[in-house]
Amino acid sequence: MLIIPPWNRWNIHPSVAAGLVVFGGLYVYLGGLKAPRRRVASFASALAVLFVALNGPLHNLSDTYLFSAHMAQHLLLTLVFPPLLLYGTPASVVRPLLRPRWLMALGRFATRPLAAGMLFTAPIVLWHVPALYEAALRNHNLHIVQHLVFLTTAVIMWWPVLSPVPELPRVPHLLQMLYLFLLGIPMSITGALITLSDRVLYPFYSAAPRVGGLTPLDDQQVGGLLMWVLGGLMLWIVLTVIWFRYSVWDERGDAETGVPVEAYGTNDQ
């Protein structure tokens with residue numbers, strides 16, 4: 001008989017904990033703590049988001065009980081963790097990682113808006129096809145691959161907006177706004193299709209124990225709304241911030257200077 005653990009248990013997965021330690025250790029080793037405090041705090045917040053998303057109650061709910069919790073987890077992994085990570089990582093940490101020529105060449109291609117947008121959008125749409133989503137839920141290793149794909153492509157997606165190095169630059173601010181607006185369209189369409197479906201698309205959650213009195217269809221609709229409305233709203237908030245920053249910088253005559261000033265300094269070489 002399969003024993004399902006309580007959803008509110010704070011169980012920590014060793015692989016996630018090890019990954020966070022390696023991530024944080026590399027940041028410290030490469031001099032990340034020399035960055036301004038707001039950037040160090042942003043990096044620490046990124047690690048905290050990753051910890052909460054992949055351990056404890058939210059992870060238990062998403063893996064065993066609720067589609068809506070799974071959607072909330074994916075929003076944290078794709079729309080919260082990456083911008084905090086990129087904002088919090090100074091050029092001095094990124095540059096050593098980009099020294100291999102092949103990696104720099106790949107970065108120049110992948111971080112351009114069209115490529116970055118496609119690399120992010122395709123997995124988001126395809127993984128929500130019922131057959132693929134079900135496969136990831138029922139195969140732990142495939143589920144890990146799904147999360148790694150989401151994390152990697154989401155960091156690439158945010159790069160044209162928050163790049164920490166001028167070698168792989170941010171795009172102009174008006175283009176950033178257009179880029180984020182267009183990115184929200186396929187995600188909103190996918191969320192809308194899930195929300196408006198009159199049948200349960202993911203049988204895994206039909207058989208799952210009920211939490212909060214939600215029926216499987218109610219749960220699916222809540223999850224679709226999170227992707228459709230909350231995901232779009234998060235992009236619009238960033239877009240609005242970019243607009244105000246653009247307006248201020250345009251008055252100063254340096255509206256296209258998006259990479260942090262310290263990235264150009266000799267101390268970051």
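This is a predicted model: local features need pLDDT of at least 70, side-chain atom pairs count only at pLDDT 80 or more; totals for chains, interfaces and linings use all residues.
## Basis and confidence

Residue numbers start from 1 along each chain as its sequence is written.

The mean pLDDT (the predictor's confidence in each residue, from 0 to 100) is 90 for the protein. A score of at least 70 is reached by 90% of the residues. Helices here are DSSP runs (H or I, at least four residues), numbered from the N terminus. Confidence is highest in helix 2 (residues 37–54), with a mean of 97, and lowest in helix 12 (residues 216–252), with a mean of 89.

Residues 253–257 stay under 50 in pLDDT. The model gives them nine contacts (heavy atoms within 4.5 Å) beyond four places in sequence. Residues 264–269 are also below 50, and this stretch has nine contacts beyond near neighbours in sequence.

## The largest pocket

A pocket is an open set of points on a 1 Å grid over the protein atoms alone, where a 1.4 Å probe fits, with protein on both sides within 12 Å along at least five of seven lines. The largest one holds about 1,200 Å³ of space. That volume is the space filled by probe spheres set on the points, with grid points joined across faces, edges and corners.

Its lining (residues with an atom within 4 Å of a point) has 40 residues. Phe23, Leu85, Leu151, Thr152 and Val155 are the closest to the centre. Helix 9 (140–162) is among the elements that give two or more residues. Helix 9 gives the largest share, ten residues. By type, the lining has 28 nonpolar, eleven polar and one charged. Nonpolar means Ala, Val, Leu, Ile, Met, Phe, Trp, Tyr, Cys and Pro; charged means Asp, Glu, Lys and Arg; the others, Gly among them, are polar.

Tyrosine 179 belongs to helix 10. It counts as buried because its relative accessibility is 6%. Outside four places in sequence, tyrosine 179 contacts Pro113, Ala116, Gly117, Met157, Pro160 and Val161. Proline 203 is 24 residues from tyrosine 179 in sequence, yet 35 Å away in space, C-alpha to C-alpha.

Phenylalanine 181 also lies in helix 10 (residues 173–196). Beyond four places in sequence, phenylalanine 181 touches Trp236 and Leu239.

Leucine 225 is in helix 12. It is partly exposed, with a relative accessible area of 39%. Thr195 and Leu230 are its contacts beyond four places in sequence. Leucine 225 and glycine 191 are 34 residues apart in sequence but 6.3 Å apart in space, C-alpha to C-alpha.

Definitions and conventions
Side-chain values use heavy atoms; hydrogens and water are left out. Buried means under 20% relative accessible area, exposed over 50%, partly exposed in between (1.4 Å probe, protein chains only).
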